[in-house]
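The sequence and structure are shown first.

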Amino acid sequence: MSGESRLISGALYITALLSVFIACIAFRQRRSPGALALCLLTCAAAEWTLCLGLEIGVPGGGQKIIFSKMGFLGLASTPTLFLIFALAYTQQSHWLTFKNI
């Protein structure tokens, strides 16, 4: 692994760790508007960045594909969770029905 990829992987690992830290803080404040949605959003971002860091850090092509596929869960859910967070934070709960979600 080159020095540049180590630096990028390290930055992504730190980002994932900070996302988990923010998720823990948001979970403690889960009664606040949007806190639970923020917790889920940052968990998805943490999973995405962790898998991306692992994808960049591993040398084998097969392992890169596995981590790429694993990271897709966080990548695909982040926009939806961001919308849910924005609606919950602005207290537009009438849009957060089961049918709409």
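This is a predicted model: local features need pLDDT of at least 70, side-chain atom pairs count only at pLDDT 80 or more; totals for chains, interfaces and linings use all residues.

## Helix 1 and its cover

An α-helix has 3.6 residues a turn, so residues three or four places apart point the same way.

Helix 1 comprises residues 3–28, a stretch of 26 residues. From its first C-alpha to its last, helix 1 reaches 38 Å, close to the 38 Å expected at 1.5 Å a residue.

## Packing of helix 1 on helix 2

The axes of helix 1 and helix 2 lie 8 Å apart, and the two helices pack at an angle of about 165°. Helix 1 and helix 2 are therefore roughly antiparallel to each other, the cut-off for this term being an angle over 145 degrees. The crossing in which helix 1 passes helix 2 is left-handed.

## Packing of helix 2 on helix 3

Helix 2 and helix 3 have axes that come within 8 Å and cross at roughly 155°. That angle makes helix 2 roughly antiparallel to helix 3. Helix 2 passes helix 3 in a crossing that is left-handed.

## The nonpolar core

Five residues form the largest nonpolar core: Ala37, Leu41, Ala44, Leu81 and Phe85. At least two residues of this core come from each of helix 2 (35–57) and helix 3 (61–89). The most is given by helix 2, which supplies three residues.

Ala44, one of the core residues, is in contact with Gly74, Ser77, Thr78 and Leu81 when its neighbours within four places in sequence are left aside. Among these contacts, Leu81 is itself a member of the core.

## The chain as a whole

Three helices and zero strands are found in the chain, and from the N terminus on its elements run α-α-α. The C-alpha trace spans about 50 × 25 × 15 Å along its principal axes.

Of the 101 residues in the chain, 28% are buried. Among contacts in the chain with a separation of 6 or more, 60% are accounted for by residues 24 or more positions apart.

How values were computed. Residues are numbered from 1 along each chain as its sequence is written. Side-chain values use heavy atoms; hydrogens and water are left out. A nonpolar core is a set of buried Ala, Val, Leu, Ile, Met, Phe, Trp, Tyr and Cys residues joined through side-chain atoms within 4.5 Å. Buried means under 20% relative accessible area, exposed over 50%, partly exposed in between (1.4 Å probe, protein chains only). Helices (H or I, at least four residues) and strands (E, at least two) are DSSP runs, numbered from the N terminus. Contact means heavy atoms within 4.5 Å. The expected span of a helix is 1.5 Å times one less than its number of residues. Axes are lines fitted to C-alpha atoms, for helices over the stretch in contact, and angles run from 0 to 180 degrees between N-to-C directions. Angles under 35 degrees count as roughly parallel, over 145 as roughly antiparallel, 65 to 115 as roughly perpendicular and the rest as oblique. A crossing is left-handed if the near helix is turned anticlockwise from the far one by less than a right angle, and right-handed if clockwise.
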